[in-house]
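Please look at the sequence and the structure before reading the points below.

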Amino acid sequence: MNFLTIGHRGVMGLEPENTLRSFVAAQQAGFDAIELDLHLSKDGALVVMHDTDVDRTTDGTGPIAEKTLAELRTLDAGRGERVPVFEEVLEAVQAPLQAEIKDLAAARALAEVMLRRDLVGRVEVSSFHDEAIAEVSRLVPGVRTALIGSRYGTDIVERAVEAGAATVCLNIRRITLEIVEHARKADLRIIGWVVNTQDHLRLVRALQLDGATTDYSEIKRTARFTA
């Protein structure tokens with residue numbers, strides 16, 4: 001399998017994260033897939049933002065869940081960009097997407113869009129939450145899913161298998177050869193995050209991971225030369 005490079009929230013090291021500008025830049029950089037994050041607005045819109053509140057990435061304050069889409073649209077998400085909804089990303093870029101969901105409600109909303117627009121082949125669904133992965137798998141036959149681990153041990157493998165995930169996305173600061181070997185025995189694909197330096201890239205290549213999530217397009221350009 002080819003080594004995959006995934007643009008983190010677009011290409012967030014260079015552009016405002018989780019904006020259409022960032023996603024278009026990631027596609028232009030040639031990433032194999034683009035990662036984004038989904039939350040539900042107060043009125044049920046599937047909005048693209050990482051945090052549960054808008055404070056860090058916009059000029060507004062407060063939880064996403066307490067704002068309507070119209071209210072979210074008034075915010076500046078960086079360089080004049082607006083907070084996008086998921087379906088706008090689908091139209092803005094053609095690249096495969098890795099959509100991270102935060103809870104069961106987002107899982108169900110994403111499942112509805114995936115079924116309606118036949119996105120099983122284009123969108124992989126990821127989450128830190130086992131139950132969200134299991135729910136989207138139940139609702140969308142054939143969906144590809146990934147369990148994300150930040151602080152984890154070899155148990156991440158059993159959790160992924162139980163939730164029906166084919167991939168684990170692992171924080172490279174905690175990854176070990178033991179965990180990699182355990183995942184391989186379970187036939188899991190392994191993606192490392194966040195890979196932002198050449199040393200990080202050499203590590204994931206040395207461990208023979210299947211891919212890397214990065215904030216920078218430079219990692220995409222150099223990944224094929226690092227083995």
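The points below are grouped by topic, after a short note on the model.

This is a predicted model, in which local features need pLDDT of at least 70 and side-chain atom pairs count only at pLDDT 80 or more, while totals for chains, interfaces and linings use all residues. Residues are numbered from 1 along each chain as its sequence is written, and side-chain values use heavy atoms, with hydrogens and water left out.

**The cavity and its surroundings**

- Rolling a probe the size of a water molecule over the atoms shows where empty space is left.
- On a 1 Å grid over the protein atoms alone, a cavity is a set of points where a 1.4 Å probe fits but cannot get out, whereas a pocket is an open set with protein on both sides within 12 Å along at least five of seven lines; lining residues have an atom within 4 Å of a point.
- Grid points are joined across faces, edges and corners, and a volume is the space filled by probe spheres set on the points.
- One cavity of 30 Å³ or more is found in a search of the whole structure, and the largest cavity holds about 50 Å³ of space.
- The residues lining the largest cavity include Asn-18, Thr-19, Thr-57, Ala-77 and Pro-84.
- This lining has five nonpolar, four polar and one charged residues (Ala, Val, Leu, Ile, Met, Phe, Trp, Tyr, Cys and Pro count as nonpolar, Asp, Glu, Lys and Arg as charged, and the others, Gly among them, as polar).
- Thr-19 lies in the loop between β1 (4-7) and α1 (20-29) (helices, H or I with at least four residues, and strands, E with at least two, are DSSP runs numbered from the N terminus).
- Thr-19 is buried, with a relative accessible area of 0% (buried means under 20%, exposed over 50%, and partly exposed in between, with a 1.4 Å probe and protein chains only).
- Leaving out residues up to four places away in sequence, Thr-19 touches Ala-77, Glu-81 and Pro-84 (contact means heavy atoms within 4.5 Å).

**The largest pocket**

- About 290 Å³ of space lies in the largest pocket.
- Its lining is made of 18 residues, and those nearest the centre are His-8, Glu-35, Glu-100, Phe-128 and Ile-148.
- Strand β4 gives the most to this lining, with three residues.
- By class, the pocket lining has six nonpolar, seven polar and five charged residues.

**The aromatic pair**

- One aromatic pair is found in the whole structure (rings of Phe, Tyr and Trp, the last by its six-membered ring, pair if their centres lie within 6.5 Å; planes under 30 degrees apart count as stacked, over 60 as edge-to-face and the rest as tilted).
- The ring centres of Phe-128 and Trp-193 are 6.3 Å apart and the planes stand at 85 degrees, so the pair is edge-to-face.
- The pair links distant parts of the chain, with Phe-128 in the loop between β5 and α5 (130-139) and Trp-193 in strand β8 (residues 189-193), 65 residues apart.
- Phe-128 is partly exposed at 32% relative accessible area, whereas Trp-193 counts as buried at 18%.

**Backbone details**

- Trp-193 is joined to Val-194 by a cis peptide bond, with omega about -20 degrees.
- Asn-18, a residue other than glycine, has a positive phi near 55 degrees, and Asn-18 is buried, with a relative accessible area of 3%.
- Asp-118 also has a positive phi, of about 55 degrees, although it is not a glycine, but Asp-118 is exposed, with a relative accessible area of 65%.
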